Amino acid sequence: AQRMLEKACTPHPSPPDIEPFLLFMFGVRRNGNLKVLLPVYHCLLDPVRIPTASALDCAMQDAFPTIRLSLLVLEVLTVVDVPPQSGEDLWPRVLVWVEFFQLFREFFGLFDLGIPSEEDLCLSFLLFSQRMCEHAPNIPMVVSSPGFASIATRAWVQLVHRQDISRLEDGLHEGLALILQATDTFTIVEEAGDPVSIVAAHLQLIVPEVVPALSNGALHLLEFVLGLWQRMQQAPDRNSGRVSRSLPLISPDLVRAVTIAFGATALNAACSSRAVFVAERCLATLSLVFTVRQGFHALRVALEAGLIPALLACAQYASSSFATQHISSLLSDVLTPATIYPEVLHHINIAKGYTLCPVGTISHRNVQEAWATFCETSVSRLAVSRSIETQGSSRWACDNVGCGHIQPKAQFRCCSGCREVLYCSRQCQRLDWQRGHRKYCFLYRTSCRDFQYPLTRYARRFLRAVVHADYQSQQTQIGHQLAVKWVENPIVDLITVFDYRNGEVKASVHGLQVPDVNDGHLPASHWPDLLARAIASKGRFSLHFAMLPDGSAGRLVSVPLRSATSEFRDGLRKIALTGVVNVEHISAFVSTIDDADLHC
């Protein structure tokens, strides 16, 4: 037996040298005593034995025995309990051989060598890595090895593509735990190819639908996959070393999968502390996704996937301050402000059976208050939406600011150049062209087409209706702020901003040079034209803006107020000239104004 092993371990064994060894290995495997051959494995995996590219080209037949022996050893090592003290010597040898087989896999496919597929090779390597890391001192060596993150990530991707859920739950989640500890995060993102799709597909494999019972293996996998996604967010740029990703790795499929997982774990929270923890992880992931630029698109997908019932289920069982804080924050800082978008409101309307849920079923006071505010805001915005549908053609004001006509939109003609401004007659169009539209027509057209994330026509109509309703309800407070500003400076030009980034709408009056307003996401070409129109209108065109929830900074949209006369502004200026301004005086004045000729 010793002579046979010596022949097999020579640098260039021949086929007659390795055949007895292969038969010997078969017998040892049947007896389950493979561990006694560790010194032989160590020798057979010596990196010196790896054939060079020139050797493969010139003497491929001579390299066959060495390659077959190495493949056999790699296969054996996935089932052998390697002694911890052998790991430091054996691990580097296994790593370089696996990389060699991956590099020349397509070349070996031309020959009948029994080379396993890349998927099987990666999975075997991941299983061996797990066995190595059962001894804690080996973990830093494994996860920091060059090439480990690449091979392990490919193994994870192949698992997902195979849709092999049985192998996922049979211990390979420990392999994902190793990937989470890998130092080369950039390689994880790079090797995943399309990491968003892979994470989404993995989540859909674990929880294809909301189910009342999840295994511990599924919960562990959910935890690791969500942790891996969050790790990918922090992957630094390979050149600069900085995290430069402006948008997180999100997609509709990912949002849908995380929402379904959240719903399933929320239902399991009553009987499993692990489910509570994973539900909190899902909740934190969704909160991150919803608070980025254009997060309301992701929110719409989540509502379709059952976000509201999942939130209610989680609110009933969540006991930690972390979960209740995230739920109340999601309701007050995300869902309630997002009702300004009709796309989101539509899906809230579909789930209105849940929005009518009694507040008493929720145990935490902060969540109760946030839920009540969300329901109240949703009901009021849905009423505005229904009023738009029932009133037919909307009312519009002629964009010639010297004209005071306000009438149904169908009676207007739009500019054929930009298709953004409307006129009641050719005369008004000619006058406005001479006033300055000839300068801004092309800019309106290009900015509206090139402006990132433009609102749909219905969304703009809905926004105008909401702002108009909020203006009428807060007209006294807005009039008081205008008058106070004019007492300080009678000739200053003012704008009104309706801030919808929080649950409670706040209307505030500012001067024209307020940085928070001018630095909003309004197309640059719109601002000077709006300002010129307001000055030329002599009080019939008021600059109103809506600050919409959109990422951390918000999004500024122009919603000017037009009126047939300048009665409101002229009256406020007269009050300001007296120097005595109080809310009661303003309220009495506002009650005398006819709102029939107002239009946003």
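How many salt bridges does the count come to? Six. A salt bridge here is a side-chain nitrogen of Lys or Arg within 4 Å of a carboxyl oxygen of Asp or Glu.

A word on the model. It is predicted, so local features need pLDDT of at least 70 and side-chain atom pairs count only at pLDDT 80 or more, while totals for chains, interfaces and linings use all residues. Residues are numbered from 1 along each chain as its sequence is written, and side-chain values use heavy atoms, with hydrogens and water left out.

Take Arg-562 and Asp-399. Their side chains meet in a salt bridge, 3.0 Å from N to O. Arg-562 sits in strand β10 (residues 561-563), and Asp-399 in the loop between β1 (395-397) and β2 (406-408), so the pair ties together parts 163 residues apart in sequence. Strands are DSSP runs (E, at least two residues), helices likewise (H or I, at least four), numbered from the N terminus. Arg-562 is buried, at 9% relative accessible area. Asp-399 is buried too, at 7%. Buried means under 20%, exposed over 50%, partly exposed in between (1.4 Å probe, protein chains only).

Next, Asp-253 and Arg-256. Their closest N and O atoms are 3.2 Å apart. Both are in helix α15 (residues 252-268), three residues apart, so about one helical turn separates them. Asp-253 is partly exposed, at 42%. Arg-256 is partly exposed, at 28%.

For Cys-441, the nearest cysteine sulfur, that of Cys-415, is 3.7 Å away. Cys-441 is buried, at 9%.

Methods
A disulfide is a pair of cysteine sulfur atoms within 2.5 Å.
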